[in-house]
Amino acid sequence: YKSKYLQLKKKLEDEFPGCLDICGEGTPQATGFFEVMVAGKLVHSKKRGDGYVDTESKFLKLVAAVKAALAQG
């Protein structure tokens, strides 16, 4: 999953240049977690049921959530 994480990180950095601080942390579990927080707000959670961002529609949903969270500051 590290390569998938790095690919998504690059896409988000390209979408929001200079606006995001993206960090990753591996977990001992096989599937791990994938959480996205913006301005202290959880906008995406694999653990909560949002799944991994593995389709364009999920990516667009994440981008919209990030934009909304950034707008709220």
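The model is predicted, so local features are taken at pLDDT of at least 70 and side-chain atom pairs only at pLDDT 80 or more, while totals for chains, interfaces and linings use all residues. Residues are numbered from 1 along each chain as its sequence is written, and side-chain values use heavy atoms, with hydrogens and water left out.

The protein averages a pLDDT of 85. This score is the predictor's confidence in each residue, from 0 to 100. Of the residues, 92% score at least 70. Helices (H or I, at least four residues) and strands (E, at least two) are DSSP runs, numbered from the N terminus. Among these elements, helix H3 (residues 56–72) has the highest mean pLDDT, 92. Strand S1 (residues 35–38) has the lowest, 84.

S1 and S2 run antiparallel and are joined by four bridges. Two strands pair if DSSP finds at least two bridges between them. Methionine 37 has leucine 42 in S2 as its bridge partner. In a regular strand the side chains alternate between the two faces of the sheet. In S1, Val36 and Val38 make up the covered face. Glu35 and Met37 make up the uncovered one.

Most residues other than glycine have a negative phi, and most peptide bonds are trans. Alanine 39 is exposed because its relative accessible area is 56%. Here buried means under 20% relative accessible area, exposed over 50%, and partly exposed in between (1.4 Å probe, protein chains only).

Serine 45 belongs to strand S2 (residues 41–45). At 2% relative accessibility, serine 45 counts as buried. The side chains of serine 45 and glutamate 35 are joined by a polar contact of 2.7 Å. A polar contact is a pair of N or O atoms within 3.5 Å; within protein, one must be able to donate a hydrogen and the other to accept it, and residues adjacent in sequence count only if both atoms are side-chain atoms. Beyond its neighbours within four places in sequence, serine 45 is in contact (heavy atoms within 4.5 Å) with Phe34, Glu35, Asp50 and Gly51.

Histidine 44 is also found in strand S2. Histidine 44 is buried because its relative accessibility is 6%. The side chain of histidine 44 reaches the backbone oxygen of glycine 51 at 2.7 Å. With neighbours within four places in sequence left aside, histidine 44 is in contact with Phe34, Glu35, Val36, Asp50, Gly51, Val53 and Leu62.

Phenylalanine 34 sits in the loop between H1 and S1. At 10% relative accessibility, phenylalanine 34 counts as buried. Its contacts outside four places in sequence include His44 and Ser45 of S2. Tyr5, Leu8, Lys46, Tyr52 and Val53 are also among them. Phenylalanine 34 and valine 53 are 19 residues apart in sequence, and their C-alpha atoms are 8.9 Å apart in space.

Isoleucine 22 is found in the loop between helix H1 (2–15) and S1. Residues up to four places away aside, isoleucine 22 touches Tyr5, Lys9, Leu12 and Glu13. Leucine 12 is ten residues from isoleucine 22 along the chain, with 8.8 Å between the C-alpha atoms.

A search of the whole structure finds zero aromatic pairs. Rings of Phe, Tyr and Trp (its six-membered ring) pair if their centres lie within 6.5 Å; planes under 30 degrees apart count as stacked, over 60 as edge-to-face and the rest as tilted. Lysine 11 lies over the face of phenylalanine 59, at 4.1 Å from the ring centre. A charge sits over a ring if NZ of Lys or CZ of Arg is within 6 Å of the ring centre and within 35 degrees of the ring normal.
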